[in-house]
Amino acid sequence: MKEESAVEVPQPLPSGPSAFIPAQVILDEGARQEVMTDTLLSVSHADHIATIMGLHPAYLGCFLRTQNALLQPDGPLPLPWRHYIIIMASARHQCSYLVKLHSSAFQLAGGDESWLRGLHCAPPKIQRLQTLNKLLAHRPWLITQEHIQELVCPGADPRWSLAELIQAVVLMSHAHSLASFIWGCGIHPEPDSTAEQHPPSASPAERLAQPPPPQREDPNRQEWTEAVNEVQLLMEKMMLVQQQEEEFTPEEMVTRFERERTESILEPAEVVRAALPDSISRFVQDPDFIYQDFSPRGEQSPPTMRAQDYSWEDHGFSLMNRLYGEMAQLLDEKFQVVCALTYHTMAMHTHVDTSTLRKALWNYIHCIYGIRHDDYDYGEVNQLLERSLKVFVKTAACHPEKTTLRMYSSFWRQFLHSEKVHVNLLLMEARLQAALLYALRAITRYMT
Amino acid sequence: MEKMSCPSTVSGRTMFCHLDAPANAISVCRDATQVVVAGRNIFKIYALEEDSFVERLNLRVGRKPSLNFSCADVMWHQMEENLLATAATNGAVVTWNLARPCRNKQEHLFTEHKRTVNKVCFHPTEVHMLLSGSQDGFMKCFDLRKKESVSTFSGQSESVRDVQFSMKDYFTFAASFENGNVQLWDIRRPDRYERMFTAHTGPVFCCDWHPEDRGWLATGGRDKMVKVWDMTTNRAKEIYCVQTIASVARVKWRPERRWHLATCSMMVDHNIYVWDVRRPFIPFATFEEHKDVTTGIVWRHQHDPYVLLSGSKDSTLYQHMFKDASRPVDRANPEGLCFGLFGDLAFAAKESLMTGEAGRKPYPAGDRRYPIFFFKKPDVTEQFAQVASALSVFESESDGSSRMDWFIKTARRYLLSGKPFAELCDHNAKVAKELNRPQVSTTWTMLRIMFSDPGNPAPPANHNMSKLGNIPLMNRYSCAFFLSFCPSFHSVFLPSIHSFIFSFYLSIENEETEGSDGQAEYLFGDAELDDDDLYSMEHENQAEEAEFSLPQEAFPLRHEIVDHPAAPEPPAEKPESPQVSGSEAESFCLTPMESFSLISVSQLLYQPQLTPSFFSPVVREMLDHYAEQGDVQMAVSVLIVLGDRIRKEIDELTQEHWYMSYIDLLQRFELWNVSNEVIKLSTCSAITCLNQASTTLHINCSNCKRPMSNKGWICDRCHQCASVCAVCHHVVKGLFVWCQGCSHGGHLEHVMEWLKSSNHCPAGCGHLCEYT
């Protein structure tokens, strides 16, 4: 057991739901989108996540539906267990927001308080999920049917049923991807929880040093024009990509995929790992297991997953539908909504077809998780996603806890915050789908 | 090479060969001698020999095969021996000419699609026409002579999963989409589809035209259904629907068998099923050889219904002979079971099974065998085994426990108003107990204890205490007592009672020690058993009814307060001032206590911390529980009896719902009076107004037979009093009873009296009236 590392320093209450996005902006941009939707009104208390997501009401609706379905009483796992699994999963990404939220929900649901003392106090059945949790969070491509078998096969004791397992898998990957969103948007802890969470912007010093993303009201002239040019450039590229007719040799395509995958410069620079606060570390085993570039070249490493061979629409859904039907429908709807979400705007431009850009983001995230779409030219990723964006996306997806305000504000400087949140949504869902696909594929293999 | 195999070749056997890699699709050439297998890492042609597959050609050439070889689909031209087309996962459409002299047989490469091509399809009669459907939402028609697409059909950015040329209509093709739609196109009109309809929820993975019936299209979707559509009518009409157990990946009509089709699934299920669409509940035949999902199925010859080829992800290629298929029908036991409205049970089973147990014990309650009153006419085209079944109906015993007798009796005997609260509870508890419903009975008793006034719970307790040796009662007893109920209140009451008694001894022993809180907590823990345990206990504990003596013993003592003048009005009558009625009850309850010899004065002076509102959540939960269990009677009765004590706690709509259900039930059992009482006592405006509806009575004057138009009791035409009692000659303003023979009548009670002593009409008309 670690001893209490520090005295709690009183901190000013963070204002607004996010460290990255000024509260005023959320109100302004939200108002434009009729934030007061039924969905928001129906939840009695809009937490910070919902507030931020409220910038995209169409998405928020199905997100809440999914989350409610996950945490409503129906289902194979008891309610406290579900909260505990979320705690366990979000702890992997050091997301104290979720840990807090679900710790109290866990107690409310009648969970045994002693479990909160740490993983070792939880029932062995939950502890057995650790490996899967770890892999799902960081390197889902390593999940094999043996992992599933270990948990499910009749000899295993205490044994997981497939229905329980699939719910646990959804819960875990939901929590992992939600952690990405929370870090990626710099969401503050809820005011009622004690401010133990260091705001994602790291030190207050940095926050002071870093000017907030330029607002239209006071554009730093030069920076502003520069930024405008960037948008212009990006739009031109998108047009180009859309019209592109040129042919590439397959070898070229493979190389491009590989290149995107292995751009190791994108690793966040600071590798210095602060010791985890005890409130989180007690839910984590093997904290040194983190994301590593997916590499199919290694000896025992698995081959690239082809999206055509195991897709959500065909295979993932069918399996999920069988084991956890309601959730399959909800997730399917959520994926569809997030993929179709667009306002045809880019920064100051309207009536833009952003599909290529969204596709590029989606496939890039799948790419860093080792999923390859045969029919996608990964050169587009390189053209459309600027370096700073890639840094942000990769960090938020793979090492969410290392996301900083600097990363958030350095990409797409002239874009609206709601558009950046849109990026985060895509990121979260693409990540969720990737993790689910690997887990479901393993389950399929186990079943056949 | 050109040997046409005739349809009757049933030679061959079930056989398979190992492929090097999982297959994605297979296709046969026209003369059924060769089959092509395509997948991500395989593209080979096998010859079908008499008893084995022989590899003929590997089309995957080159040192580092490109993604163009990674096939999602393959089709062998049905007219041109040497022509093949593949759909690649990277969006390329490739044609292959086997007649090319070099090793690389690739002829054309079309890279017009942006995303994966899911399907390619040659025109059945036109040599040079190839159609493709892709994930990017476009279908393209290629002219192989021109080396480019001649027309593009847009599916409005919905991914295309399958395209199929119609067998009979030269220009028509069908396309199925990821959003569940199916579109029909005319190949000459690329601007707009001819027709569109929604076939499935979720993607439609496949479609297939019937080889003979020109209008029939079979579609299979992720929603696990196979549907057959009649396209000849104006609107596509679903004529058959087969529900399978997994998403349907491929569907193929069986040649020469009008009603049969073969399906395989996308995931989880590895078998190939052949269905008779008219018998959608059980497959006609099943092939169970594959170890992983089947990805391609094709009938070997277009006129031979007995041989099916299939490729699978388990890297095998199979030839299935129909004679080796398993027939699930043979193993199925056709049985049906259904409950009737009055608790009867109908059971149908195969006759052979029923006769087999002729010597069985007859069901005591009566078992009627019904003659089969209709037969399904055997259809010779249907190759299903015909089964005759026998139908038995079991009638439930008239006095069986499944009946609702208890409901009727309870409804009749419950008292809902008109007496002090505590008495109502006691009375109802007694009723429930007599009807052998201990749980309900205990609930009533407990309600009384909780909601009667502060001092009130003491008498039974004190009474008991006095037996135990007259130890002065401490406040905390009642506290501990209350708390002990709370945790498991909604589940079951017996254990609570146990723990209650237990707690008593406990607190007596610990009397000197401070800390009723500690005890209370302990009791909380004690009562927290599993629900299951509690229920089982309930049944076992019937014998232990002595335990109930505790609340029961209180009854005789209660009578002292029965006729207390300050008895509160039924709470329902003071809906506007719940607080007032509460305090009223308080004051009323306190007074009789003082005359109660067994109660010590200190007890009376004690102001309890647990106000009745403390229990409200628990009681609410309990009511919910009862309603949930279907005992809405209990919920409503308690609601009425408790009145304002609980009403505010329960949401208006729920209350209304309960009332409505209960009233509905009462009316079904023709308990009109009770139902009316409930309506009257209810506090929901929506319920009370039930009594306000259709309250108008139209009456005619008994003298002039004209309608009485004005209010009052005098007819404005003949100026006489209408409806005068024949006995007392006063106007009847309440219940009027009249003889249907002579139409004289009067006050109900007067007529009753009269007819007791006389047979003749009181009006003197001489009619012999009867009162029954």
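**A walk through a two-chain model**

Let's start inside chain A, at A:F181: leaving aside residues up to four places away in sequence, A:F181 touches A:I49, A:I52, A:M53, A:I187, A:V421, A:N424, A:L425 and A:M428. Please keep in mind that what you are looking at is a predicted model.

As a general point, nonpolar side chains tend to be buried together in soluble globular proteins.

Now over to chain B. Chain B has 772 residues, and 52% of them are buried. Its secondary structure comes to 20 helices and 34 strands. If we take contacts in chain B between residues at least 6 apart in sequence, 52% of those join residues at least 24 apart.

Where does B:H113 sit? Look in the loop of chain B between β9 (106-110) and β10 (117-122). Is B:H113 buried or exposed? With a relative accessible area of 5%, B:H113 falls under the 20% cut-off, so B:H113 counts as buried. Its side chain makes polar contacts with the side chain of B:S132 at 2.7 Å and with the side chain of B:D136 at 3.4 Å. Beyond four places in sequence, the residues B:H113 touches also include B:G91, B:V93, B:F138 and B:K140.

On to charges. Side chains of opposite charge can pair when their charged atoms come close.

Next, B:R668 and B:D664 form a salt bridge at 3.6 Å. They are separated by about one helical turn because they lie four residues apart in helix α17, residues 652-668 of chain B. B:R668 is exposed at 64% relative accessibility, while B:D664 is partly exposed at 39%.

Then there is B:R56 with B:E49, closest N and O atoms 3.4 Å apart. B:R56 is partly exposed at 47%, and B:E49 is partly exposed too, at 35%.

Finally, the place where the chains meet. How many residues of chain B are in contact with chain A? The count is 26, facing 24 residues of chain A. About 2200 Å² is buried between the two, with carbon and sulfur atoms giving 49% of that area. On the chain B side, B:R40, B:R222 and B:M267 lose the most area, together 28% of what that side buries.

Two of those names come back when we look at charges. B:R222 meets A:D332 in a salt bridge at 2.7 Å, and B:R40 is linked with A:R306, A:D309 and A:D374 in a network of salt bridges. By class, the touching side of chain B has seven nonpolar, nine polar and 10 charged residues.

Methods:
Residues numbered from 1 in each chain as written. Chains lettered and ligands numbered in written order. Predicted model: local features only at pLDDT ≥ 70, side-chain atom pairs only at ≥ 80, totals over all residues. Heavy atoms only, no water. Contact = heavy atoms within 4.5 Å. Buried area = accessible area lost by both parts, 1.4 Å probe. Salt bridge = Lys/Arg side-chain N within 4 Å of Asp/Glu carboxyl O. Nonpolar A, V, L, I, M, F, W, Y, C, P; charged D, E, K, R; others polar. Helix = DSSP H or I, 4+ residues; strand = E, 2+ residues; numbered from the N terminus. Buried < 20%, exposed > 50% of the residue type's maximum accessible area, 1.4 Å probe, protein only. Polar contact = N/O pair within 3.5 Å; in protein donor to acceptor, adjacent residues only side chain to side chain.
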